[in-house]
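Subject: Structure for you to look at

Hi,

Here is the structure I promised to pass on. Please open it and keep it beside you as you read.

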Amino acid sequence: MISTRIAGLAVTAMLMTATIATAQSVEPTPLKTISSLPSGLSAITYTVPLRGYDKAHGLALDIAQSGGSSSLQIDAVLGGSAVFGHPGTATALQAIREGADLKILGAIAKNQIVGVVSNDALKKAGILPTAPIGERFKALKGMTIGTNPVGSTYTQILRYYLKENGVDPDNDVRLVGMADSSALISGIEQGRFDAIVSASGVVEEAVALGAGQVLFSGARGDIPGGESNVVAVIIARSDTVQNHPDWVKAYRAAMSDGLKAVREDHAETGRLLKEKYFAKMDPKVWGELWDNSAEAFPEELTFGKSAFDFWTGIDPKGPASFSSVDYATITLPEAQAK
């Protein structure tokens, strides 16, 4: 009896060892995702492989960069060259409105719009960068502003804030859309732009070069607003969600870990990001854009109905243009805010 029991235990131990060995030998699933260039908006994306969260959930992420173009991300996901994408919220919703069969799997960044004004323009406007936020937006009146392409998420939200503060974005300022983020920096350096507005982590380089000062920063909390104006979402094709729910579950889990790290281990995550992607950025400028930005990320990997209503409400074509788009249908159930 004892020998039989020992033999049974031995077999069990062998099976357990074999199971563990098999699990350890399983290679992570390689998946291609596409994101904007490294910035505050994409911090979650780049944190995931930096801290090994993709491997922890059985994935090996290969991140392609689309520069500042969300449309390229949409095209890559629809065309199958990337499984997941992280475009601007407005661009994603507009693509869905136009018939793109996409699902939103969550949001990864709250409002991180940043405006840098040239030293000459700031002096001419006669305003301090510490003035009430409404006054800072009003100070842009009459300026030529370099920003993202027409219809993009940040251009759309900039237009919204200008209107909210009594500045007509079509007549009181001149908005120049640029697909290349480096052109914004060179533009303000060379005096072509009085101010530049884009994502945190992009336009602050102009400060490091001495070309201007930060006039406002959503990343550091200058602008009121919360979960409703999330600026970047995760997307996948509907057939990916249907045919590969394991990929979707693992990807969301990895991104959730990245979100938690950015919020709860902010300093160390920032150190890793700077070392890998922002090594050339002036430490003082990096500290300004990162140290106070923990609250610039959602608490959970969700895309709430309030965010859907906000972006469809400020769309240039009006909320009625989204009458055929149902929030509950386009948003993964697990990503819908409770």
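Below is what was found in it, from the whole chain down to single residues.

Please note that this is a predicted model.

**The whole chain**

The protein chain has 338 residues, and 53% of them are buried. Its secondary structure comes to 16 helices and 10 strands. Along the principal axes, the C-alpha trace spans about 95 × 45 × 30 Å. The chain exposes about 15,400 Å². Carbon and sulfur atoms supply 53% of that area.

Now look at contacts along the sequence. Take those between residues at least 6 apart. Of these, 78% join residues at least 24 apart.

What about charge? The chain has 30 positive and 36 negative charges.

**Helix H2**

Start with helix H2, residues 43-50. How many of its 8 residues are buried? The count is 6, so the helix is largely enclosed by the rest of the structure. The buried residues are Ala43, Ile44, Thr45, Tyr46, Thr47 and Val48. After H2 comes Gly52. The phi of Gly52 is positive, near 75 degrees.

**Aromatic rings**

The model holds 12 aromatic pairs. One of them is Phe303 with Tyr327. Their ring centres are 6.3 Å apart and their planes meet at 40 degrees, so this pair is tilted. Where do the two residues sit? Phe303 is in the loop between helix H14 (283-290) and helix H15 (305-313). Tyr327 is in helix H16, residues 327-330. The pair therefore ties together parts that are 24 residues apart in sequence. Phe303 and Tyr327 are both buried.

Phe310 and Trp311 form another pair. This one is edge-to-face, with 5.2 Å from centre to centre and 90 degrees between the planes. Both residues are buried. They also belong to a cluster linked by ring pairs. Its members are Phe137, Tyr160, Tyr161, Phe216, Phe310 and Trp311.

Arg192 lies over the face of Phe193, at 5.9 Å from the ring centre.

**Two buried residues**

Find Val197 in strand S8, residues 195-199. Its relative accessible area is 1%, and buried means under 20%, so Val197 counts as buried. What does Val197 touch, leaving aside neighbours within four places in sequence? Its contacts are Ile113, Val114, Gly115, Ile145, Gly146, Thr147, Asn148, Leu158, Val203 and Phe216. Phe216 is also in the ring cluster above. Gly142 is 55 residues from Val197 along the chain, and their C-alpha atoms are separated by 15 Å.

Next, Thr302. This residue lies in the loop between H14 and H15, where Phe303 also sits. At 17% relative accessibility, Thr302 counts as buried. Leaving aside neighbours within four places, Thr302 is in contact with Gly106, Ala107, Ala335 and Ala337.

Is Pro30 buried or exposed? Its relative accessibility is 64%, and the cut-off for exposed is over 50%, so Pro30 counts as exposed. Pro30 lies in strand S1, residues 29-35. Leu59 is 29 residues from Pro30 in sequence, yet their C-alpha atoms are 5.8 Å apart.

Asp170 is in the loop between helix H8 (153-164) and strand S7 (174-177). Asp170 is exposed, with a relative accessible area of 52%. Arg159 is 11 residues away along the chain. The C-alpha atoms of Asp170 and Arg159 are separated by 8.7 Å.

Look in the loop between helix H4 (70-79) and strand S3 (84-85). Gly80 has 48% relative accessibility, so this residue counts as partly exposed. Gly80 and Thr240 are 160 residues apart in sequence. In space, C-alpha to C-alpha, they are 9.8 Å apart.

Best wishes

How values were computed. Residues numbered from 1 in each chain as written. Predicted model: local features only at pLDDT ≥ 70, side-chain atom pairs only at ≥ 80, totals over all residues. Heavy atoms only, no water. Buried < 20%, exposed > 50% of the residue type's maximum accessible area, 1.4 Å probe, protein only. Helix = DSSP H or I, 4+ residues; strand = E, 2+ residues; numbered from the N terminus. Phe/Tyr/Trp six-rings, centres within 6.5 Å; stacked < 30°, edge-to-face > 60°. Lys NZ or Arg CZ within 6 Å of the ring centre and 35° of its normal. Contact = heavy atoms within 4.5 Å. Areas by Shrake-Rupley, 256 points an atom, 1.4 Å probe, with all protein chains shown as cover. Lys, Arg positive; Asp, Glu negative; His and termini not counted. Charge placed at Lys NZ, Arg CZ, Asp CG, Glu CD.
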